[in-house]
Amino acid sequence: MKLVLASGNAGKLAEFRELFAGTGFDFHPQSEFAIDDVEETGLTFVENALIKARHAARISGLPALGDDSGLCVDALDGAPGLYSARYAGSHGDSAANIEKLLREIHGVPDDQRTARFVCVLALLRHADDPQPIIAQGTWEGRILDAPRGDNGFGYDPVFVVPGLGLSAAELDSAAKHRLSHRGQAMARLHELLQPQ
Ligand SMILES: O=c1nc[nH]c2c1ncn2[C@H]1C[C@H](O)[C@@H](COP(=O)(O)OP(=O)(O)OP(=O)(O)O)O1
Ligand SMILES: [Mg+2]
């Protein structure tokens, strides 16, 4: 199946390139079709993943996969959550986003720094598909008090994986995929796509 990945995030696209390797999907980033970013007006990850996929499917005429994801921090009542990419104001500046997160959570004791990454994938076979395939994944962890590691993207340097004692940015990509919200959502998507 040829499909458009409805994302402009280079970090996500690099992960999807690996996650789709060998699956038989012919995967193309939306930039190949000159598809711009759509306004994320939804109030849930599911709605935004659908909005992105629908926009890409409409313009390309191809099946499209949207990914809406974010980091939900318990001590901040789930923030930055849906607004993770725009937490510090302008869209996608991850250094400023991390700085704001560390400021907001400053002084919160270790055992109250629990958080999770959430990823919702929405696959539409065409723009008006009334039966989207929705797959979700979550990844539990804690927020560090300073960034660590150079791998990954976004909030990875401040998300520590319990048990491993490593930040998500200290994992290689294969290890991240085995654990991450996106790796789990992709595994679930594959299950849902198997013939019943
Ligand atoms: O594995 C991850 N490791 C670290 N950070 C992550 C991850 N997964 C999502 N995130 C963060 C990045 C961004 O701050 C937000 C996603 O926002 P989100 O709107 O879904 O993506 P985006 O605007 O960057 O690109 P696009 O909408 O074109 O897919 O969550
Ligand atoms: Mg976005």
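Good morning. I begin with Glu39, which sits in the loop that joins β2 (26–29) to α2 (45–60). The model under discussion is a predicted one. Glu39 is classed as exposed, because 8 other C-beta atoms lie within 10 Å.

Why start with this residue? In UniProt, an unreviewed entry assigns the feature "binding site" to Glu39 and Asp68. The two positions are spread over 30 residues of sequence, yet they cluster in space, with a largest C-alpha distance of 12.2 Å.

Let me turn to the second annotated position. Asp68 belongs to strand β3. Is Asp68 buried or exposed? Asp68 counts as buried, because 26 C-beta neighbours fall inside 10 Å, and the cut-off for a buried residue is 20 or more. Leaving aside residues up to four places away in sequence, Asp68 is in contact with Phe45, Asn48, Ala49, Lys52 and Val120.

Finally, a word on confidence. The average pLDDT of the protein chain is 96, and 100% of the residues score at least 70. For the complex, the predictor reports an ipTM of 0.99 and a pTM of 0.97.

Thank you.

How values were computed
Residues are numbered from 1 along each chain as its sequence is written. Chains are lettered from A and ligands numbered from 1 in the order in which they are written. This is a predicted model: local features need pLDDT of at least 70, side-chain atom pairs count only at pLDDT 80 or more; totals for chains, interfaces and linings use all residues. pLDDT is the predictor's confidence in each residue, from 0 to 100. UniProt positions are given in the numbering used here, feature names are shortened, and annotations may be inferred rather than shown by experiment. Helices (H or I, at least four residues) and strands (E, at least two) are DSSP runs, numbered from the N terminus. A residue is buried if 20 or more other C-beta atoms lie within 10 Å of its own, exposed if 12 or fewer, and partly exposed in between; C-beta atoms are placed from the backbone. Two residues are in contact if their C-beta atoms, placed from the backbone, lie within 7 Å.
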